[in-house]
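Please bring the model up on the screen. I will go through the chain as a whole, and after that a couple of residues.

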Amino acid sequence: LVAFWALAVWGSVLGTVLLLFRKRLAAPVFLVSLVCMVITAIRNYGFADGLEVMGGAGPLVFTIVIFFVALGLWLYARAMAERGVLV
C-alpha cells in the first residue's frame with residue numbers, strides 16, 4: 001500500500017515536472033499515478049474502513065477532488081501529446 005501511495009504522489013510530481021518541460025512521457029506517468037491513487041483509495045475506503053478511521057466524509061470528498069484533478073491532468077497531458085505540443 002505504501003508503495004502505491006508513493007507512486008501516486010511522486011508520480012504526479014514527476015508528471016507535473018515533465019509537463020512543464022513539455023515531455024511526452026508526462027501522460028503515461030500521470031496514468032500510472034492515477035491508477036496507483038485509485039488502488040490506494042479502494043484499499044483505504046473499501047477494505048480498511050477509511051470513513052471511520054479518517055473521521056467522516058470530509059476526507060472522502062477530498063479524495064474524490066484529488067481523483068478528478070489527477071484525471072484532468074492525465075487527459076490534458078494526453079491531449080497535448082496527441083497535438084504534438086509535448087515532444
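Among contacts in the protein chain between residues at least 6 apart in sequence, 61% join residues at least 24 apart; contact here means heavy atoms within 4.5 Å. This is a predicted model, where local features need pLDDT of at least 70, side-chain atom pairs count only at pLDDT 80 or more, and totals for chains, interfaces and linings use all residues. Residues are numbered from 1 along each chain as its sequence is written, and side-chain values use heavy atoms, with hydrogens and water left out.

The protein chain has four helices and zero strands, in the order α-α-α-α from the N terminus. Helices are DSSP runs of H or I with at least four residues, strands are E runs of at least two, and both are numbered from the N terminus. Along the principal axes, the C-alpha atoms fill a box of roughly 45 × 20 × 15 Å.

On to surface. The accessible surface of the protein chain is about 5,700 Å², with 76% belonging to carbon and sulfur atoms; the method is Shrake-Rupley with a 1.4 Å probe, and for residues only the protein chains shown count as cover. Of the 87 residues, 29% count as buried, meaning under 20% relative accessible area, with exposed over 50% and partly exposed in between (1.4 Å probe, protein chains only).

Now helix α4. Thr-63 lies in this helix and is buried because its relative accessible area is 18%. Leaving aside neighbours within four places in sequence, Thr-63 contacts Met-37, Ala-41 and Tyr-45.

Ile-66 is also in helix α4, residues 58-83, and counts as partly exposed because its relative accessibility is 37%.
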